[in-house]
Amino acid sequence: GHISCKRHRPAPTLQGMNILKSMVYGIAGNLFKRRKSASTRSRSYTCQCGKPVFFRNSACLSCGSPLGYDPELTTLIALEDGDTPGSLVRHGDTGGKLYQRCANFDTAAGCNWLLPHGSTEPLCRACCVNRTIPDQSDPENQMLWGRIELAKRRLMSQLLDLGLPALSKEKEDPEHGLAFDFLRALPGEPPIMTGHANGVVTLNVEEADDAVRERVRAAMHEPYRTLLGHLRHEVGHYYWDRLIWDSPWLDDFRILFGDERESYADALKRHYDNGAPPDWDQRFVSTYASSHPWEDWAETWAHYLHIEDTLVTALSFGLGAGDVEIDTEPFTKDVLWQPDVEGASEFLEFVNAWVELTGVLNELSRSMGVHDFYPFVLNHPVVAKLQFIHCVVREARAARRARPATAAPAIPPAA
């Protein structure tokens with residue numbers, strides 16, 4: 001049977017590695033202006049031949065060097081054969097760290113992530129969270145699954161870099177871990193409902209079909225609908241369970257987002273029967289966010305991840321707020337959830353930089369005759385909610401870093 005879901009309509013959805021610390025941890029806005037990174041990762045990569053390569057690449061298109069993504073270094077590296085049979089090393093680093101490719105490298109997923117050589121678990125950090133994948137005897141399923149995995153690798157690289165818990169529910173942490181079911185209904189079966197329940201994110205595989213997804217977007221009157229947006233929204237529900245429920249954050253959550261104890265079923269029925277309230281755009285980031293506090297959290301969480309990763313990417317390629325010439329009315333401290341908390345001023349600069357950047361990017365999209373790059377407006381309550389999420393993520397990262405070093409949960413050998 002299929003997993004029961006909390007929801008069925010997903011949301012919308014900057015070289016030294018030690019220098020690249022800031023946005024989520026406190027000094028984003030200033031670093032944005034100085035073209036530094038907002039996180040430990042960069043989205044700009046260079047092959048050993050000096051040519052640019054990209055996150056999804058498994059080989060350099062210029063020199064042919066094999067490439068792989070090291071999630072610990074949060075970077076894409078050129079590879080060569082190591083001295084140990086079946087091993088790989090970073091190009092020019094003979095005698096250095098030994099790698100092996102994820103077992104999904106040779107599948108339709110085309111995973112380019114790396115593991116330490118000799119790992120008993122053949123799947124990488126991004127792939128080991130899969131619980132169910134679509135039938136790979138169907139060529140169409142292969143294509144759709146490949147698209148989903150590309151989006152999920154982007155998501156997982158961000159979650160790991162932010163220091164958020166993302167252990168495999170199946171292999172590492174059955175009680176608190178994360179898992180993904182990618183399902184497709186057979187003919188005559190009811191449609192798969194995208195959603196989250198108890199750490200399991202379910203995604204309808206047909207959402208990877210561009211034509212299907214666009215048809216649904218138009219029918220639902222959504223300004224934005226992507227695979228990455230789906231995944232970011234649904235993991236928002238997972239992190240509510242992990243970080244908010246039964247925690248000191250819960251009271252403030254209820255003040256900002258509302259009381260999640262309101263009947264979820266009744267709230268969704270009311271939303272689909274009557275639509276969003278007339279003033280939704282003054283209080284929420286999307287119409288769906290107005291349906292229930294859980295959805296408001298998940299929608300706003302997805303936007304936080306959108307903003308964080310996009311700014312990382314922009315700064316990785318040298319695009320800073322100082323390069324943008326557009327008049328906007330900046331947000332001021334009075335709109336923040338906690339205007340005097342540590343890092344509040346820098347967070348505010350981060351949000352204002354985002355408004356400037358997306359104003360220009362939207363105009364560029366219009367020049368190409370396509371949908372706006374970011375078809376949303378951040379109102380005052382949404383900025384306050386974004387700061388709340390920012391603080392939750394910072395604390396989660398700090399708490400994980402402060403824990404005594406322990407061995408990772410044992411992963412059994414592959415069957």
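This report describes a helix, a nonpolar core and an open sheet in a predicted model.

**Helix α7 and D309**

Helix α7 covers residues 293–316, and D309 lies within it. G318 follows the helix and has a positive phi, near 80 degrees.

D309 itself has a relative accessibility of 4%; because the limit for a buried residue is under 20%, D309 counts as buried. The side chain of D309 makes a polar contact of 3.1 Å with that of R43. Leaving aside residues up to four places away in sequence, D309 touches R41, R43, R154, Q158 and R232.

**Nonpolar cores**

The largest nonpolar core holds 93 residues, and the members that touch the most others are W297, W301, L378 and F388. Helix α9 (residues 380–402) supplies the largest share of this core, with 10 residues. Beyond residues up to four places away in sequence, W297 is in contact with G236, W240, I244, F253, F257, F388 and I389.

Four strands form an open sheet in the order β8-β9-β11-β10, and their pairing is mixed. The edge strands, β8 and β10, each pair on one side only. From one strand to the next, the twist averages 25 degrees. Strands β9 and β11 pair in the parallel sense over 5 bridges, and D181 stands opposite T202 in β11. Helix α2 packs on the sheet, where α2 touches β8, β9 and β11; the direction of α2 makes about 160 degrees with that of β9.

| β8 | 130–132 |
| β10 | 195–197 |

I148 belongs to α2, which comprises residues 139–161. With a relative accessible area of 0%, I148 is buried. Apart from residues up to four places away in sequence, I148 touches F182, L203, V205, A208, L227 and L231. I148 and F182 are 34 residues apart along the chain, while their C-alpha atoms are separated by 8.5 Å.

How values were computed. Residues are numbered from 1 along each chain as its sequence is written. This is a predicted model: local features need pLDDT of at least 70, side-chain atom pairs count only at pLDDT 80 or more; totals for chains, interfaces and linings use all residues. Side-chain values use heavy atoms; hydrogens and water are left out. Helices (H or I, at least four residues) and strands (E, at least two) are DSSP runs, numbered from the N terminus. Buried means under 20% relative accessible area, exposed over 50%, partly exposed in between (1.4 Å probe, protein chains only). A polar contact is a pair of N or O atoms within 3.5 Å; within protein, one must be able to donate a hydrogen and the other to accept it, and residues adjacent in sequence count only if both atoms are side-chain atoms. Contact means heavy atoms within 4.5 Å. A nonpolar core is a set of buried Ala, Val, Leu, Ile, Met, Phe, Trp, Tyr and Cys residues joined through side-chain atoms within 4.5 Å. Two strands pair if DSSP finds at least two bridges between them. Axes are lines fitted to C-alpha atoms, for helices over the stretch in contact, and angles run from 0 to 180 degrees between N-to-C directions.
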